[in-house]
Amino acid sequence: MDFTGGSGGAGDLRQIEESKPLLGEMSATEGSKMGAARCRRPLLHCNGMRYKLLQEGDIQVCVIRHPRTFLSKILSSKFLRRWEPHHLTLADNSLVSATPTGYMENSISYSAIEDVQLLSWENAPKYCLQLTIPGGTVLLQAANSYLRDQWFHSLQWKKKIYKYKKVLSNPSRWEVVLKEIRTLVDMALTSPLQDDSIHQAPLEIVSKLLSENTNLTTQDHESIIVAIAPLLENNHPPPDLCEFFCKHCRERPRSMVVIEVFTPVVQRILKHNMDFGKCPRLRLFTQEYILALNELNAGMEVVKKFIHSMHGPTGQCPHPRVLPNLVAVCLAAIYSCYEEFINSRDNSPSLKEIRNGCQQQCDRKPNLPLRLLHTSPDLVSQEASMTESRLKSVIVTSNEIHVEVERNNTANQKMTANVGNDSEPNLIDCLMVSPTCSTMSIELSTQADRILGCYVEILKMLSDYDDWRPALASLLQPIPFPKEALAHEKFTKELKYVIQRFAEDPRQEVSLFFQLSRVIIKGIVHSCLLSVRAGKDGWFQLYSPGGVACDDDGELFASMVRVCNNVHILMGSCYKTKKFLLSLAENKLGPCMLLALRGNQTMVEILCLMLEYNIIDNNDTQLQIISTLESTDVGKRMYEQLCDRQRELKELQRKGGPTRLTLPSKSTDADLARLLSSGSFGNLENLSLAFTNVTSACAEHLIKLPSLKQLNLWSTQFGDAGLRLLSEHLTMLQVLNLCETPVTDAGLLALSSMKSLCSLNMNSTKLSADTYEDLKAKLPNLKEVDVRYTEAW
């Protein structure tokens, strides 16, 4: 019986089947067959039939051995033919039955299959396939014509892919290899099978080929990339191929392949990728592609055009995955710039650990109290009734960054107390940078600096799109950058543009970006903000005066506060506005007063609202706010308008001013002079200038405070000249803190005239042993002295 004859539809399908050679010389006959196949290939597309690649299925099997004798011909006739049902699996290298008995006792290797045909002659079994194997024929009978054609195309595909895998695993000549790769790609593109693996299988074969042959020339690289380009239009490259593409981007960033071939691939990745965590090499390839664009002559202009092409010409980007994927690439690239510093940390604590009191084991000074040495109970009796815990300062070294952290031991306790209570409000920022060391000493390599500049610029571009800005704000909260980046002056200065764009956006979704900061809403969080992880630093924290990223006088911080406050007012919710103001009073009252003192209208409005809503209950703090408002024309005008509505504020001020006053960090001599000249401070007994920028020049204003008993000058630039002036006029001063000031023996000797001194802190000054002994002899009331880290210690 002849199984090779036939005509009609079988002949057409036979010619449609790919029959190109695999790594070998083609004969003229083979060439003509290949040409015929190409001519008929459009018929396949016109037919429109598409099939899913079969991996397994049920089918009837019959095996016919080639007859050699008259008896065997009789036994193999169609009347005596026997069919067996089998569940066949199309494995990677063979056709296997789930029940290996009968005809399918042994699997049939694809290499043993010489040909695959459809049986279509007259009186042939219905819906049959013929597999030609050495010594016989295997017949497969399906249930219908569609299933038969599906088995036919699936077997053809498995057979061809198996041969390509085998032949390309041991290439000899690369010009022939390139021809075979093109043939493989052509076969995948014209196959009637519709399945992800149809395009992925050739890519994986090429990927393995490239990983095993690393000595290819640049020309070979580009030829292979161009050959497989059609498959990449609708498929992500596999991991090994991503590595190959990354290498090409690094070594040949100006190659036309980057623009012509990689651009549509990266565009598809950004539009359709759902999780870079599952395929990190796709992210790395996208990262290297963008860096290659930046290497072109136009540089960032080319990158900008690419970002615009991803967004689209309309006001709304139609692809929701583009922005998250771009941000993920930017964050990973920026992180890589600081990886060397991150890996070299010697167990330095995180900002969260710092805030929780964790200290690094290193050579540094022990903790010192923020305020003066504990005063004698009989000297200041009201100190005994204080209910709030004293603030502590922790100096932590992370590489070369020194961060001063002010932490209240009762963080959940309300800052304000009842009227008349003398408890001291927390007016110092939660996170302050020492004036002597405001940024981490980081020197990036040339390559890392180039990467950082490129991807920070991309973040700026993203923030310029109105539709992307709210989503970008949510993606950057909590702060996703490493603390080394936040302490790097160049990075925070460049990123300031993005934060400024958020601050200028009046929409509520963007204002929530700032409020999501746990530092500013510690303990009092709006219900929509509860999803934020506790202990994370926020943008309010970083860009407020005294924050690690603040390089201005607080204009950006004021903008952030303004947009949040405006949204609450527009929402018409007194409850939400009051909570927002209360969060500012608990954590950022110092920066607010400092900016109001310098005439910032937003902060003047905020302070007036705090008074109007009775946010501050402590008398001294209220009086300090009133003095701050009256120090500027705009503040004075708004405060007078407020007093017309609330006359009790005017009555409060007439009582002689506050007894306690804490100047915000980064305040200057001019700020202090403006504040003290704005109102009455005849009752002021306790003044803290710790961590400010005041110098000896402020002494001429301090000597005008007749009731002053306690003065804190810790970590200021107050020197000998100012100390001599104080000793001549403030003879009633009882407590003085000169810790970490530049005073020397010349100024300290003048303190011998201040006979009322009971507590004196000279820690970390240039005090000599002789001067210390002289002071002890001339100050009979001195009970508490701190001379650690001096010559007298």
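The secondary structure of the chain comprises 32 helices and 17 strands, where helices (H or I, at least four residues) and strands (E, at least two) are DSSP runs numbered from the N terminus. This is a predicted model, in which local features need pLDDT of at least 70 and side-chain atom pairs count only at pLDDT 80 or more, while totals for chains, interfaces and linings use all residues. Residues are numbered from 1 along each chain as its sequence is written, and side-chain values use heavy atoms, with hydrogens and water left out.

Of the 793 residues in the chain, 55% are buried, a term that stands for under 20% relative accessible area, with exposed meaning over 50% and partly exposed in between (1.4 Å probe, protein chains only). The accessible surface comes to about 34,700 Å², of which carbon and sulfur atoms hold 50%; these areas come from the Shrake-Rupley method with a 1.4 Å probe, and for residues only the protein chains shown count as cover. Among contacts (heavy atoms within 4.5 Å) with a separation of 6 or more, 69% join residues 24 or more positions apart.

The largest nonpolar core has 135 residues, and Tyr455 and Phe481 have the most contacts inside it; such a core is a set of buried Ala, Val, Leu, Ile, Met, Phe, Trp, Tyr and Cys residues joined through side-chain atoms within 4.5 Å. Leaving aside residues up to four places away in sequence, Phe481 touches Leu331, Ile334, Leu459, Leu476, Leu486, Phe491, Leu495 and Trp539. Apart from this core lies another, of 39 residues, which include Leu738, Val743, Leu775 and Leu782.

Strands of a sheet pair through backbone hydrogen bonds, either parallel or antiparallel, and here two strands are taken to pair if DSSP finds at least two bridges between them. Strand E1 (residues 56-65) pairs in the antiparallel sense with strand E2 (residues 84-90) over six bridges, and Glu56 has Thr89 as its bridge partner in E2. E1 is also joined by six bridges to strand E7 (residues 136-141), again running antiparallel, with Gln60 opposite Gln141.

An open sheet of six strands, by contrast, has parallel pairing in the order E12-E13-E14-E15-E16-E17. Its edge strands, E12 (660-662) and E17 (784-786), each pair on one side only. Within this sheet, strand E13 (residues 686-688) and strand E14 (residues 710-712) are paired over three bridges, and Leu687 has Leu711 as its bridge partner in E14.

Around these strands, several loop residues can be followed in turn. Ser667, in the loop between E12 and helix H28 (669-676), counts as buried because its relative accessibility is 0%. Not counting residues up to four places away in sequence, Ser667 touches Leu594, Arg598, Thr692, Asn693 and Val694. Phe691 lies in the loop between E13 and helix H29 (699-702) and is buried, with a relative accessible area of 5%.

Most residues other than glycine have a negative phi, and most peptide bonds are trans. Phe691, although not a glycine, has a positive phi of about 65°, and Tyr789 likewise has a positive phi of about 60°. Tyr789 sits in the segment after E17 and is partly exposed, with a relative accessible area of 29%. A cis peptide bond joins Gln477 and Pro478, with omega about -5°, and Pro478 is found in the loop between helix H16 (469-475) and helix H17 (483-486).
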